[in-house]
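Hi everyone, thanks for making the time. I'd like to walk you through a structure today, so let's bring it up on the screen.

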Amino acid sequence: MISASDIPNQTIMSFVFPGDHVPAQHVNLKLGPGLLLSQDTNYSSNRDVPTVIATRAGELHHSANCSKWWIEGNSRRYVPAPQEPVIGSVVQRIGEAYRVDIGGAHVASLDSLAFEGATKRNKPNLKVGSLVYARVSLAHKDMDPELECFDAQTRKSEGFGELKGGFVVRCSLKMCRDLLDPKHFLLPLLGGRFPLEAAVGLNGRVWVSAKETKQTIAIIRCIEAADPDGGGLSVKGIKALLDTLDV
Amino acid sequence: MRPPSPSIPEKEFVYTALKESLRLDGRLPLEMRTPVLTFGPDLGWVECAMGKTRVLAQIEAKMVKPQPERPFEGSLTIHSEISPMASSDYEPGRASDEEVTITRMLDKVLRRSDALDKESLCILAGQRVWHIRLTLHFLADAGNLLDCACLAGMVALKHFRRPDVEVIGEEVTVHSPSERAPVPLAIHHTPFCFTFAFFPDATTTPVLDPSQLEQRLSAGLVSIALNAQKEICVFQKLGGVPLGADDILRLVEVAVARAKETHELVEARLREDWLGRKVEVR
C-alpha cells in the first residue's frame, strides 16, 4: 500500500492506479472525476485529516495552486458524475418518467417535467428509442442516476432536449472529453468544410448531423479515426482522410 | 438485461445511408474488412482481427484413448464462450441466442465439414489418438464475430504442428520439437465463412461482413461457408427475408471470389510466419 508520504511532492503529473493515495491537500480542495475523499482513516496516520484516493487509473493532474485535482485517462465504460452532459436513448416509459440508457452500469431516470417549459398539461412526448441530450443531475453510488434536460435555476433548456435526425457515434471517453475542448482541432476543421451540428456527451457518445448523408458519414469516420482508442490520427491524417471522402 | 436496440435516429440513418449504397465505415456493400492475422510465440496461437472485431484461437494437442466405437479416429473439440469482455451485451454464464448460433456454426464449419483428417490423428489403433482442442477467445465484438471466429479457428488448425511420434511395436515415443521437426495436421480443405446481412427494405442491397449496428438492424443473415475450390460446406439463413434462387446464386458467387482472396491471404501469411520462425532441430 502506498501512503501519502511515499509519493514525492512533484509538480509534474504522475500515474495513479485505483486505490492509490493522492497527496491532495488544500483549504479549498476541488476534486474532479476519479478522485474520492475517503472518510476511512484506517490507512492514514493522522486521524483528523481525510485522505484522497484514486478510483480510476490515469495521469494525475492538478491546477497551478494545487486546489483542483483530477485524473485523466482513457476508458470505454462510463461512470456517471453530476453535472456532466450525456447522450442517452429512451428504453422505457414509466408513468411520469422515462428510463434512459446512458451507457453506464444502470439505466438513468429522466422526469418528463425536467424539460424547458414542461407543465403537468404540456409535456414532451418521447418515444422508446428517442435520443436525448441531458445533464446528470444526480449520481449516487446507491441510487440510479437521474437526468434533467434544463437548468434547474433558470428553467431554460440550454441546448438540452430531444435530438432528432443525425447519428450517434460511439467513441472512447478520452475522445469525447477532447471534443468538448474548444482548442481541439477536429470539429472546427470539419465545420470549415461544411455546416454541421454536434452534441458531445461525456458518456462516449457524440451526436452529429449534417445536411447530406455523405457528410455525416465523413464526420463519423473522422471521429473514429481521431479517437486515441482507434486510429489516433493527427490533424494531418484527418485532412488526408477528408480529401479521400469527397466532401 | 437485453442490450437496448439502436435508437430511432441511428436506425433511420443507417437505412437511408444503405439505400444510397453508403456504409458507415466507408466500405462498399459487398466489401469485407481485410482480416489481420497475428501469430503468437507458440504454434497454433492465432489472433484474427477484422476491424475492431478480434478473436484469439489457440490449439492444444493431447494423447487420449479413442472412443471404443471409433478406434482409428482422433477428435477435435471446440471450446468457445463469449464473455462480457467482447461486448457489454453478453452476460457471463447464460448463453445468448447469438452465442448459440455462433457455437453451432463453428461446429459445422470447422468440425463437421471434415476439414481435419481425423484418421491421421491415430497413433496406435484403439489405444492412443491425438485429441485436438481448439479454444476461441472472443476479445472484442464490432460485428460479424462468426466469420472472424471461423477464420481464426481455421488458420490456427493450419498453423499448429503436433510433436512427431514414433511407434515401435506397442511402444510410443514422443519426440520433443528440438529433436524432430513437429508435423502439421492433415487438412483436407479450408472452409471460410462469409456472412451477408439483409435489411427490411427489399430494395436495399445486402451487405457483406456486417458491422455490429448493421447486424442488429438487419432483418436476416445468410452465412455461407465454402472453400477456395468452390465447395459449399454450410449454408445458413436466419430471419424471415424472402430470397429468390438467383439472389442466392449471386451471393454464392461473391462468396466464391472472397474465399479465393482469403485463401491466398491466409496461405501468404502462414508462409511468411513459417519462414520467420526458428524451429531448432538437432
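Predicted model: local features only at pLDDT ≥ 70, side-chain atom pairs only at ≥ 80, totals over all residues.

Chain A has 247 residues, and 33% of them count as buried. If you take the contacts in chain A with a separation of 6 or more, 61% of them are between residues 24 or more positions apart.

Which residues of α1(B) are buried? They are B:Pro9, B:Glu10, B:Phe13, B:Val14 and B:Leu18. These residues cover an arc of only 155° around the axis, so they sit on the same side of α1(B). What covers them comes from both chains: it includes β11 (131-138), β13 (161-163), β14 and α3 of chain A, together with α4 (212-217) of chain B. And just after α1(B), you'll find B:Ser21 with a positive phi of about 60°.

Let me zoom in on one residue of that helix. B:Pro9 lies in α1 of chain B. Why does B:Pro9 count as buried? It has 21 C-beta neighbours inside 10 Å, and the cut-off is 20 or more. Leaving aside neighbours within four places in sequence, the contacts of B:Pro9 include A:Leu131, A:Leu163, A:Phe167 and A:Val168. Also on that list are A:Lys164, A:Gly165 and A:Gly166. For a sense of distance within chain B, the C-alpha atoms of B:Pro9 and B:Gln127 are separated by 62 Å, and the two residues are 118 residues apart along the chain.

We just met A:Phe167, so let's follow it back into chain A. The bridge partner of A:Phe167 in β16(A) is A:Val208. Four bridges join β14(A) to β16 (residues 205-210) of chain A, and the two strands run antiparallel. They belong to an open sheet of three strands, in the order β14-β16-β15, with antiparallel pairing. The edge strands are β14 and β15 (196-201) of chain A, each pairing on one side only. From one strand to the next, the twist averages 25°. A quick reminder for anyone who needs it: strands of a sheet pair through backbone hydrogen bonds, either parallel or antiparallel.

What lies across that sheet? α3(A) lies across β14, β15 and β16 of chain A, running at about 150° to β16(A).

There is another helix to show you here, α1 of chain A, residues 173-180. Its buried residues are A:Leu173, A:Met175, A:Cys176 and A:Leu179. Seen down the axis of α1(A), they fall within an arc of 160°, so they line one face of the helix. Those buried residues pack against α2 (186-193), β15, β16 and α3 of chain A.

Last stop: strand β11 of chain B, residues 192-198. Seven of its seven residues are buried. Which residues point to which side? B:Phe192, B:Phe194, B:Phe196 and B:Phe198 are on one side of β11(B), with B:Cys193, B:Thr195 and B:Ala197 on the other. β11(B) pairs with β13 (residues 220-226) of chain B in the antiparallel sense over seven bridges, and B:Ala197 has B:Leu221 as its bridge partner there. β11(B) is also joined to β12 (residues 207-208) of chain B by two bridges, again antiparallel, where B:Phe196 stands opposite B:Leu208.

Note on methods. Residues numbered from 1 in each chain as written. Chains lettered and ligands numbered in written order. Buried ≥ 20, exposed ≤ 12 C-beta atoms within 10 Å, placed from the backbone. Contact = placed C-beta atoms within 7 Å. Arc of directions from axis to C-beta. Pairing = 2+ DSSP bridges. Axes fitted to C-alpha atoms, helices over the stretch in contact; angles between N-to-C directions.
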